[in-house]
Amino acid sequence: MTDSFVLSIEKLCKQVPSTDADDATPLTILQDISCNIRRSDTVAIIGPSGSGKSTLLGLMAGLDNASSGKIWIEGVDLFALSEDERARLRGAKLGFVFQSFQLLPNLTALENVMLPLEIGGRKDAQEVAASVLARVGLQKRLRHYPRQLSGGEQQRVAIARAFAPSPSLLLADEPTGNLDQHTGENVIELLFELHREQGATLILVTHDDNLAQRCQRRLELINGMLQSTG
Amino acid sequence: MNHLYFSLRMLRRDIRAGELRVLLMALVVAVASVTSVGFFTDRIQQALRLQANELLAADLVVTADHPIPEGYLAQARRAKLQSVMLFQFRTMVFAGNHNSLAEIKVAGNGYPLRGKVKITDAPLMLDREVQAVPAPGTLWVEEDLLRRLELNVGATLEVGARRFVIAHIITYEPDRSGGFFSIAPRILMHSDDLPGTGLIQEGSRVHYQLLVAGTPEQVRRFQDVIGTKLQRGERIIDVTDSRQEVKEALNRSNQFLGLAALVSVMLAGVAVAMASRRHVSRHLDNCAIMRCVGARQADITRVYTYEMLWLGLIAVLTGCVVGYLAHAVLIELLAVLFVTKLPAATLWPVVYGLFTGMVSLLGFAVPPLLHLQNVPTLRVLRRELGMLRAPTLSVYGIAIVCMVLLLLVQARDLRLGLFVLGGLVATIALLVGMALLMVRLLRNFTNGAGAAWRFGVANVARRARGSVIQVLAFGVGIMALMLLTLVRSELLVGWQQRLPPDTPNRFIINMQKDQLAGMQQFFSRQNLAVPQTYPMVRGRLTAINDQAVSADNYEDARTKRLVEREFNLSWAEDLQADNKLVAGKWWHKSARYDAQFSIEEDIAGHMGVKVGDTLTYDIAGETLRAHVTSVRKVQWDSFKANFFVLVPPGILDAYPASYITSFYLPDVNLPMLAQLVRQFPNFTVVDISAIMDKIRMIVQRVTDAVEYVFLFTLAAGVMVLYAAIQASHDERVKESAIIRTLGAGRRQLISGLVAEFFLIGMLAGVIAALAASLISFVVADRVLQIPFTFNPWIWLWGLLGGGVGVGLAGFLGTRGILNRPPLQTLRKAEM
Ligand SMILES: Nc1ncnc2c1ncn2[C@@H]1O[C@H](COP(=O)(O)OP(=O)(O)OP(=O)(O)O)[C@@H](O)[C@H]1O
Ligand SMILES: [Mg+2]
């Protein structure tokens, strides 16, 4: 039954040990999250600051371990995999866009986009990367370093990097959080366009109501608990 | 993914971005210094070896008390070695009514295989070098013989059943080894003439020698083959045991050069460690991102290890080329000093450079690299995760083991290597402790001073661990500088003074007791210092602890020889200045002494004799039995007369003694020698000035070599300083940017930075002075065996020079960032 969903979450919990030395009870960040996400959906994760959105997104990408519960990505039990197998799965099926871009400062825009393709062993890394960068409108900036690009341009490179391997699932954590409104809107447009073109499932964390409304589904987190699914 | 290809591209990108330049440069400097030292010392050592060969007149000599077996000569020919046979014996020679005892050396064409013979045509005329033996029918004789027989060059001399024409006076034979105490004038004869003399018969005492020369490889193979075939009475002499004095000089130079190279190697290791640590800490984010986009742990490890290997390959190749070029410059600079041609370098320095480069790179770069694979992917979301931990001893375990290995290889002497190693470990422990203590103490000094100073001091104390590492790194760099400038010259001068210009260059032997007063008068009449004389009585060791000794009791060829041969015993009231007691007690002054022996350390060790043992000597048919009461260390290269075995005065009065003396004769006083010998015809004057000159030249060359070798150590030291400044650069950049956004002015920031660097520099200076004093003490006391003079100036230099130097360097290094708007810096740091 999980096969029909690109992503399934079942009774997911995340706790971290309390930093307070006297208090042994762990701090609960996520509690009993369950949901299913269909292929090619667009999903917004919303909620107040500190409610656990980033934590949830990180778990979906297998960047961290859950305390209990399960996540399936295209039917594969994420936490049954070893760290390395998860890395390979990420390389093959997942793209991630960060709020703070996370480009490698030593690499040019082109090389940044080539990186996941090279790691995946693609021979055509350069051509693919160049065409994706052209798609995000940066065909003239291939050889530029991140520090030579504006924030919006950097985020477009990051998006190109995420889309270049044609992932089936794209996760974005406040992709516009560091951008002004206008640039942010452009970036969102780009995300949705690429979503339409490639048919990837798009899950994004946002504080922006307008953006949330554009998504087919909204998941609201409050105090680590899923409030409503719409 | 294709790791090799990917890592190569990563390397290209990293170098292009300036990331790995420091690491690469440190490594190139390391390899260049090691290989230039390697090429240079390789060739110098070969040259020194060749010079030492001169004292053998060959690369290897087989000696025997019976004719050399035919097989040996055949073996030498098969091995494509040059070879020549020598026969040496004593016989009476005649000229008219006169006769004299002479030592005859018979040599075939080709002699000497190494070095030159010097001859002249009339007494006291300038001599010239030839590489030849007398033509058949002629002889070359020592001047002494002409004087004794009242002959001139061109006269006829009867040797055995044949008559010869004296063609030249011989002034120098390269291989007059053991010739110090030769008792008769020497004659050189062509081997074709030997049968005609009828002198070699059954039972005659002849010393047979086979001289061979060739490439080191050929000689070694020959030595290996012959070594297994040696019969009783046969023995191999190679360069290393040709002469005690030369051996000591050679050993000392080897140690000195080895030590110089050692410092470069270790400094290079420190520089590489600092640079690679910085590289890794800068790559933490990259790794997290790479893992995020699908790289496995193994991919990360492989890619980074391969990147390091590529880097190492480039660095080693570049380093070797730079090292070779640098060494060529050294050779060029020194060419005038080298009379003999330097042999071509072997490939060993390259191998060693590769080994050193890879060991320093992998040993110091891989431990932090291993950390990279554990970088949690979550770091992309939470940056504080997976920070590089402060280095621990265990992380650098491999590196330390590798450095120890390098150290032992470089020292080429296990004892010296272990000795330096032990000292190093103790010194490092001491320095770390001191640095920690000082950094801790600093916390108490934050009151009262200006804001900048307070900020700087607080910075040093706050980052205690990082500060300790920096203080140590700067300390090591400054120490290298100190060793090179202040300490080096003191040590070298001290070493050269071991062979002052008035070191004795002539020996007189065969003096009789009743002639001593006359000889002393003669010297004072010539306004020369009256030399001290030493009695000499010949004796043969017959028993140790009443057990009869024979050569068969000993394995070692040298000991066999020592046991077989007659010793010169002497007596003395006081311990000579160039002797040092290592065991037992010297005899108390007394009117009448008991019989007892004082024995030289080396020979005691070989024969297994300790204080308290009894020795029995046969002296002119009578027996002298007594205890050993002391063991002495003798500084042989003082060129004073010295004896293996001494007794107190009075013990040997009953035995026939001759006297020996050594003195320094300036060249202008040369004619005085002829007068002396005319007045005392039985005196034998031995000229060792040629050997002295040779040793002095070797010392001079080694001194030069060491100075140049130290230049590379200096470069390595500078790299360490550079890497140390770089190490904290990133952190400082970000920190100062943040502080600026918080409202600190440019001036405030600069003074804070300078205060911090100044403080670190001063602490490092103190550490460096301490370490430099320790090291120079050890070198002076243990390696060079010269008195150590404490230099108080290096403390002042360390404190002020360190503070000002590091403060200035820190200022220059970080000034650039301060000119940039803080936001730009922050944005860059953020990525
Ligand atoms: N490893 C951790 N250790 C301790 N606390 C953690 C850890 N990871 C997350 N938290 C805490 O869990 C809570 C949820 O964090 P998370 O980053 O998911 O929030 P968020 O919803 O993304 O907030 P924001 O909108 O501000 O980005 C926070 O209170 C955070 O401090
Ligand atoms: Mg968040």
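Buried means under 20% relative accessible area, exposed over 50% and partly exposed in between, with a 1.4 Å probe and protein chains only. This is a predicted model, where local features need pLDDT of at least 70, side-chain atom pairs count only at pLDDT 80 or more, and totals for chains, interfaces and linings use all residues. Residues are numbered from 1 along each chain as its sequence is written, chains are lettered from A in the order in which they are written, and side-chain values use heavy atoms, without hydrogens and water.

**Aromatic pairs**
- Rings of Phe, Tyr and Trp (its six-membered ring) pair if their centres lie within 6.5 Å; planes under 30 degrees apart are stacked, over 60 edge-to-face, and the rest tilted.
- By this rule there are eight aromatic pairs over all chains.
- Phe96(A) and Phe98(A) are stacked, at 4.9 Å centre to centre and 25° between the planes; both are buried.
- Tyr534(B) and Phe643(B) have ring centres 6.3 Å apart and planes at 55°, so this pair is tilted.
- Tyr534(B) and Phe643(B) are both buried.
- Phe522(B), Phe523(B) and Phe663(B) are linked into a cluster by ring pairs.

**Charges over rings**
- A charge sits over a ring if NZ of Lys or CZ of Arg is within 6 Å of the ring centre and within 35 degrees of the ring normal.
- Arg214(A) lies over the face of Phe192(A), 4.4 Å from the ring centre.
- Lys118(B) has its charged end over the ring of Tyr172(B), 5.3 Å from the centre.

**Surface**
- Trp797(B) is exposed, at 54% relative accessibility.
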